[in-house]
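New notebook page. I want to get my bearings in this model before going into detail.

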Amino acid sequence: MRLFLFIAIFTITSQLNAADRIEKKSQPNWVNPIELTDFKITEDNVGYQYLLIDLQEHLIKQQLFRHYAVKILNSEGVQSMSDISVSYDPSYQKIEFHEIIIRRDGQKIEKLKNAVIQNIQRETNMERSLYDGSQTAIINLSDIREGDILEYSFSIIGFNPVNKGNYSTDFYQQYSSPVNRIYNRLIDNVNHRLNYKEYQSADKPTIIKKNNLIDYSWDLSGLDYTLYDNNVPIWYDIQKKVSFSSFNSWNDVVNWALPLYKTENTSILIKNTDEVITTKESKIIKAIRMVQDDIRYLGFESGIGAYQPNTPKKVLDQRYGDCKDKSLLLVKLLRDQGIEAFPVLVNTSYKGEISNQLPSNTAFDHCIVNLNYEGNQYFIDPTISNQGGDLKHLFTPNYKKGLRIKEGETSLVDIKGANISETEISETITIDSIGGSASFLVKSTFKGGKADSMRSYFNSNSKEIIQREFSDFYSSLYSGIQPTDAVRFTDVDRDKENIVTVEEYYKLNKLWIVEDESAYQYFEVYPLVLESHLNYPQVVNTDRKMPYYLGNPFSFKQITTVNLPENWNIESTNISVEGGAFKYKNIIKGYGSSLTVEHDYNLSQELIKGEDLAEFQKKHEEIQNELNYYISYNSPSEGFKFSWISFILILSALIFGVFFAIKIYNKYNPDPYPGALDLKINGWLVLPAIGLTLTPFRLLYDLITESNYYDQASWYNFYHSGLETSNTLVAIFGLEIIYNYLFLVYSVLLVILFYQRKTNVPRLISIFYATNFVFQLIDTVAYQFLTDLTFSTEELTASYTEVFKALIGACIWIPYFNISQRVKDTFCKTLHRKKIYTDI
């Protein structure tokens with residue numbers, strides 16, 4: 001209530017102060033009048049085009065003059081440009097409106113005289129609990145039409161007294177849309193040292209010295225505008241500009257800030273707690289936690305308050321403060337303990353890029369704390385609540401550069417990069433039956449800044465909201481998800497490594513998805529959290545030159561374990577995708593009825609070069625393709641059903657094979673080698689003898705155990721696979737069955753002939769080895785290149801290994817059986833009967 005009353009009084013007082021601070025006056029005599037000279041309209045515009053941007057500043061008079069002319073091109077332009085608004089701080093500034101006219105059909109319509117000026121307080125940083133007391137003067141213009149030229153000018157008078165005569169500003173010579181004419185002018189005392197710096201080859205000023213004044217000016221065309229690619233870092237600025245600053249060095253900024261950041265000489269007393277604190281570091285952590293968690297982040301920053309913090313005692317008494325207030329309070333508490341500590345000014349947007357800017361007090365928008373403990377430098381952001389970790393594990397955003405408010409400090413200090421946030425998720429899905437439900441356990445472990453975020457989330461939301469939001473998150477993947485226990489948050493490591501865990505318990509009632517009431521059903525394992533991390537904005541421009549912002553580096557790992565109701569045929573895979581800024585791994589392993597799917601992603605840098613973006617996007621498309629993993633069960637609902645198609649093919653192959661085997665046995669009997677010695681099977685022939693003897697038994701065992709050959713579902717699944725090459729798959733499958741049974745018959749025939757040592761064995765065994773190699777090769781090539789099936793590296797390796805073995809066998813035994821003398825002396829029997837000679 002007291003805070004509400006304070007804000008109300010603050011607002012009313014500001015309104016009363018503002019009442020006399022807006023006037024209608026003629027243009028100041030020091031201003032150079034700039035006329036409209038260029039009315040050319042370009043094609044690149046957004047409903048309106050600036051014909052003139054005229055910015056003139058007089059530092060001695062503390063006046064900022066603004067003069068604009070805008071061409072209204074369509075209804076969108078009318079909507080955008082029918083109000084004139086000017087923001088100012090009534091505690092030290094006032095506004096003078098000089099002119100508002102409409103140019104229409106060669107006529108000038110005067111609008112200022114009868115204009116009603118409304119004054120409102122519009123706090124742009126209210127969501128951050130910052131109230132700067134700024135006011136906005138608004139003039140609503142009536143009768144604005146397409147084709148009008150709106151021209152208006154005003155002055156803002158008064159500089160913040162806290163600057164003590166110091167000054168800094170930027171004059172842009174390029175904007176993100178075309179401007180016909182840009183006029184910039186700055187007037188200062190000739191004896192006042194004012195530094196300036198051109199960026200992006202900006203034009204140098206025209207300088208005139210007269211009557212103890214120095215006049216810098218530019219009169220340029222701004223039609224050469226700059227467009228930014230999407231998702232560039234906020235600090236990236238390639239527009240031509242000139243910066244001015246009255247500060248000669250960062251030491252000058254430090255000397256300006258030192259009086260503002262003074263602390264009391266007396267110690268601040270904090271009430272003791274029952275907590276026993278044994279170490280100096282624990283006292284430091286206690287002070288940090290108190291400022292972060294017990295002092296609300298709230299600031300009233302009008303006038304001098306925008307730069308000068310309140311005293312630590314006042315902040316402690318009122319229990320609120322902005323970043324400056326909280327930082328100075330923490331510095332005071334640490335110094336009272338004998339710890340060397342200083343405020344540090346940083347820029348949350350430009351971060352390390354402030355080192356390329358001219359030294360100035362306006363280069364910063366935030367304040368943190370630097371402390372020295374046991375020879376180590378630590379940087380603490382006192383505005384972050386619910387933090388955890390000791391000094392080594394305390395997360396601080398990577399501000400990169402800052403200015404330490406310390407006597408004698410002459411340069412920016414490097415702010416050590418924060419420990420990256422880490423997320424580890426362990427999911428366990430235990431399925432009760434095929435097509436049934438499953439239990440779903442999720443355990444998430446968070447470290448670093450992510451732990452702080454989760455701690456804050458659980459502290460600021462009710463259990464009901466947390467449970468609903470967590471369940472809703474997974475419902476997009478598992479529609480029948482139902483919580484079985486409350487979400488559990490564990491935070492037992494806050495004062496050490498800053499690790500928190502979250503446990504979730506669910507039942508998945510609709511895990512399996514059935515396709516069109518067929519026997520084919522499946523469910524999906526998918527890393528939803530990782531997907532949210534990988535939603536980088538897509539860019540079509542392949543010729544990009546500007547850097548691309550990826551976000552803060554992080555580490556993510558998820559392992560999903562699926563406990564299946566029966567043993568499963570699972571392909572193991574190990575896929576890696578790497579780039580200069582990231583590494584990704586996808587590992588799938590299966591052990592009997594257990595399956596694990598692992599995703600590991602690490603982002604190591606926050607931006608990449610524009611020319612590297614195309615490759616980055618290409619590789620992340622590869623990653624997206626690896627995120628989905630489906631576990632499917634494909635069998636007819638009535639169980640195994642013998643296929644009559646397979647029966648006909650097998651019967652045909654056996655009849656055909658036996659018929660030709662008998663033919664070969666009876667009809668194919670080459671003459672033996674002349675002078676053959678009729679040797680027994682011995683020597684090297686023992687090796688092929690063993691292989692040939694085992695071949696029919698091995699084939700017969702494989703054919704009996706290969707139930708897919710005889711199951712009606714196999715034909716159904718191939719034909720209804722949804723692949724474009726389903727007919728090819730059916731054909732290859734049928735040919736496999738025919739070949740294997742023909743080869744079985746042929747191998748039996750060959751064994752019989754081999755042990756009978758028939759003369760046809762060398763030729764027939766050569767056909768055996770050649771056919772085995774050729775079929776293995778054709779089968780592998782057919783599946784890989786004639787179908788839409790995809791194979792893992794392990795599967796391809798196994799297939800090529802079998803082909804290689806068949807090739808080696810053919811290369812060894814075909815020449816041996818056709819050249820070896822032992823073969824000729826061994827296989828010398830024929831089916832022809834011996835002639836009987838009778839002596840007469």
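Predicted model: local features only at pLDDT ≥ 70, side-chain atom pairs only at ≥ 80, totals over all residues.

Contact here means heavy atoms within 4.5 Å. Residues 833-840 also stay under 50, with zero such contacts beyond four places in sequence. The chain averages a pLDDT of 86, and 88% of the residues score at least 70.

Numbering runs from 1 along each chain as its sequence is written, and side-chain values use heavy atoms, with hydrogens and water left out.

Next I looked up helix H4 (residues 280-294) and helix H6 (residues 323-336), which pack at about 155° with their axes 10 Å apart. Helices are DSSP runs of H or I, at least four residues, and strands are runs of E, at least two, numbered from the N terminus. Axes are lines fitted to C-alpha atoms, for helices over the stretch in contact, and angles run from 0 to 180 degrees between N-to-C directions. That makes H4 roughly antiparallel to H6 (over 145 degrees; under 35 is roughly parallel, 65 to 115 roughly perpendicular, the rest oblique). On the H4 side I found Ile284, Ala287 and Ile288 among the contact residues, and on the H6 side Leu329 and Leu330 among them.

Then I checked helix H7 (residues 449-460) against helix H8 (residues 463-475): their axes come within 8 Å and cross at roughly 125°. So H7 is oblique to H8. Met454, Tyr457 and Phe458 of H7 meet Ile465, Ile466, Glu469 and Phe470 of H8.

Last, which parts does the pair of Trp250 and Phe364 tie together? Trp250 lies in helix H3 (residues 250-257) and Phe364 in the loop between strand S20 (340-346) and strand S21 (366-373), so the pair links parts 114 residues apart in sequence.

Terms used
pLDDT = per-residue confidence, 0-100.
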